[in-house]
Amino acid sequence: QVQLVESGGGLVQSGGSLRLSCQASGSIDRIDAMVWYRQAPGKQRELVAVIDSGGSPKYADSVKGRFTISRDNAKDTVYLQMDSLRPEDTAVYYCNAVGLVAGPFRGDYWGQGTQVTVSS
């Protein structure tokens, strides 16, 4: 069985920082890409950042220069360092493992979501 477990959300003041983590549990053989999405109340889920198996990151324009995605393949973990947070960053953040292979389990997996709230 494969699970993605997220941590690190919380309440922070505008201009502050948070670091999200998402670890895949199980006997993971490979994960192609790891992605962070977010969904604010009343809005569609949007892609925040993605990192491929080689470590190359891409970011949504709204977070470029403020957020940093990284991954530790040995720990099957992806991180999202969020700096200079703004109230509009408030959302539930989800991690997504794309192309995950863990023995007989293959596919895309999602974390349960973690709430990030930025106060003004």
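View 1. Rings of Phe, Tyr and Trp (its six-membered ring) pair if their centres lie within 6.5 Å; planes under 30 degrees apart count as stacked, over 60 as edge-to-face and the rest as tilted. Here the partners are Tyr37 and Trp110, a tilted pair with 5.1 Å from centre to centre and 45° between the planes. Tyr37 belongs to strand β4 (residues 33-39) and Trp110 to strand β10 (residues 105-110), so the pair ties together parts 73 residues apart in sequence. Strands (E, at least two residues) are DSSP runs, numbered from the N terminus.

The model is predicted: local features need pLDDT of at least 70 and side-chain atom pairs pLDDT 80 or more, while totals for chains, interfaces and linings use all residues. Residues are numbered from 1 along each chain as its sequence is written, and side-chain values use heavy atoms, leaving out hydrogens and water.

**View 2. Arg45 lies over the face of Trp110.** Its distance from the ring centre is 4.9 Å. A charge sits over a ring if NZ of Lys or CZ of Arg is within 6 Å of the ring centre and within 35 degrees of the ring normal. Trp110 itself is partly exposed, at 40% relative accessibility (buried is under 20% relative accessible area, exposed over 50%, partly exposed in between, with a 1.4 Å probe and protein chains only).

**View 3. Arg19 meets Tyr79.** The charged end of Arg19 sits over the Tyr79 ring, 4.1 Å from its centre.

**View 4. Gly54 sits in a loop.** This loop runs between β5 (46-52) and β6 (57-59). Gly54 is exposed, with a relative accessible area of 69%. Its C-alpha atom is 8.7 Å from that of Asp32, 22 residues apart along the chain.

Notes:
Helices (H or I, at least four residues) and strands (E, at least two) are DSSP runs, numbered from the N terminus.
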